[in-house]
Amino acid sequence: MDFDYSLYLVTNRDCLPDGITYEESLEQALKGGVTIVQVREKSADTGEFLEIARATKRICDKYNVPLIIDDRIDIALAVGADGVHLGQTDMPLEVARKLLPANVIIGISCRTSEEVKRAVAGGADYIGIGTIYATSTKVVKTPLVGPRNIGEILAALDDTSVKSVAIGGIKSTNAVRTLFGSITASGKSLDGLAVISDIVASREPLIAAKRLKDSVSHFKASRTRFSLGDYTTESLKGSVGKALKYVRQLSPLVHQITNTVVTTQSANATIALGASPIMATSPEEMEDLAKIPGGLLINFGTLTSLEGMIAAGQYANQNKKPIIFDPVGVGATSFRKLKAAELLNAWQATVIKGNPAEIGALSNSSEVQSKGVDSAGSGFADPASVVRALALRERCVVGMTGEVDWVSDGKHVARLANGHSLLGHITGSGCMVGTSVATFCGALSVAEKKVSLNPLADGDMFVATIAGISAVAVASEIAALRPDVQGPGTFLPALIDELSKLTPEVLSEKVNVEIVS
Ligand SMILES: Cc1ncc(COP(=O)(O)OP(=O)(O)O)c(N)n1
Ligand SMILES: Cc1ncsc1CCOP(=O)(O)O
């Protein structure tokens, strides 16, 4: 059976708000766009369950929407349901299959690839992956799956026609991020989202369902990459200059939650580039700030304002604002690694920028070690593969900075070879690059609003990342040659000067970029 799993409502009368009946809520939800309904009433005895299932079937039939029954094969048979949903400890799939007519579908709850493989081998029609986020609707004893792990679990469905939904803590605020996080290396993604409380507990179930349905439809209709596609070295040289023109013309707001060491320096670099910085950290102001077009930089160098970082990122995703994540020193302590994972699970990053040790730590590689916030040793043997793999896994653009910089969107890899050794002798030059990338991403997301490349950010973020890294690197080369620059102390103000004087023409001419794949 080819059902539409886009918005999968799971019922729960215990969640209903006072004054709204089960039938009213269900009918409103169906009017709002629910495409499939499951009756899951944990507190009902058999007679009551049967009654609810019959009432639900009547309403679903009116809207021509299929009905699934949780756990109870007898009830599914009694009401002529379209399917049953079984958990890992419910009746085994093979037994259920024998008891049910061939046209009745079976869904299985899964939280690992192994469970998915068993469900596929047993002939499941769809899987429910969860629990994704924390939820108060169900007591969950297993670790949360998290949005970043859905893709890996889903990959076990490659080359099958088995459908999939995610469940657990899904709301309109995290719907697109959940779907985006589910994209597998082969381009597969979830077929839909399963939801209880965001619809059932709402006083306006029609609006709640519509919001979710719009997010799923929008996701399914949009492109899911951050870059436009075919690049050549020549086209990139022109594009970075054009990107600087946009920064200067549009002067985007660059919201930065950054570390206490570099705040002033980063704000000055933003102004020098021609944009407008705001260094706000309070969670209470994140919703308003996210509505102003531009870029968001989240740099966790001194690991303060984590609450603000989570709120800022979530609102940014909702407003299609690019998020540039600079996981400063993430390899230095296990606490930082934990916090980086928490942030990457809370929102979808557009760009991750780091030095080799930081990119290595996020890639779970020990090839390059960290020395505090710096990298130790000579770098990766195959940096192109490292950045491409992390970009694919995190579904974003990755920029790895060093003597040579590497940028990937998960498909293409660009190699950049500008910069001066004096950058290594001042504090916060890496953070300045993060600021610059956020500035260019902000400008391109505004300038290329009509080029909707994916549901979480507009504009070509691969080009923006290359431009952001190159602007600082090229300005550093020019600054270092100035006769007044005697060393790190005189280099820093000269670098800010040269950033402000950098022209699109000079950037295009001096950028040393090469597409390596
Ligand atoms: C679509 C969907 N996915 C998962 C579940 C959870 O089912 P189960 O594992 O049986 O857990 P309980 O429903 O018994 O709490 C579901 N019902 N629907
Ligand atoms: C049934 C179920 N299985 C995993 S989480 C969950 C509850 C989902 O409810 P909500 O959408 O309110 O988080």
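What covers the buried residues of α1? In this predicted model, the cover includes β1 (7-10), α2, α8 (197-200) and α9 (205-221). Residues are numbered from 1 along each chain as its sequence is written, chains are lettered from A and ligands numbered from 1 in the order written. The model is predicted, so local features need pLDDT of at least 70, side-chain atom pairs count only at pLDDT 80 or more, and totals for chains, interfaces and linings use all residues.

Q: Which residues of α1 are called buried?
A: S25, L26, Q28, A29, L30 and G32. Buried means that 20 or more other C-beta atoms, placed from the backbone, lie within 10 Å of the residue's own.

Q: Why are α1 and α2 called roughly parallel?
A: Their axes cross at roughly 30° and come within 10 Å. Axes are lines fitted to C-alpha atoms over the stretch in contact, with angles from 0 to 180 degrees between N-to-C directions. Angles under 35 degrees count as roughly parallel. The two helices are therefore roughly parallel to each other.

Q: Which residues of α1 and α2 meet?
A: E23, L26, E27 and L30 in α1 meet A55, T56 and I59 in α2. Contact means C-beta atoms, placed from the backbone, within 7 Å.

Q: Where is phi positive after α1?
A: At G33, near 125°.

Conventions. Helix = DSSP H or I, 4+ residues; strand = E, 2+ residues; numbered from the N terminus. Parallel < 35°, antiparallel > 145°, perpendicular 65-115°, else oblique. Contact = placed C-beta atoms within 7 Å. Buried ≥ 20, exposed ≤ 12 C-beta atoms within 10 Å, placed from the backbone.
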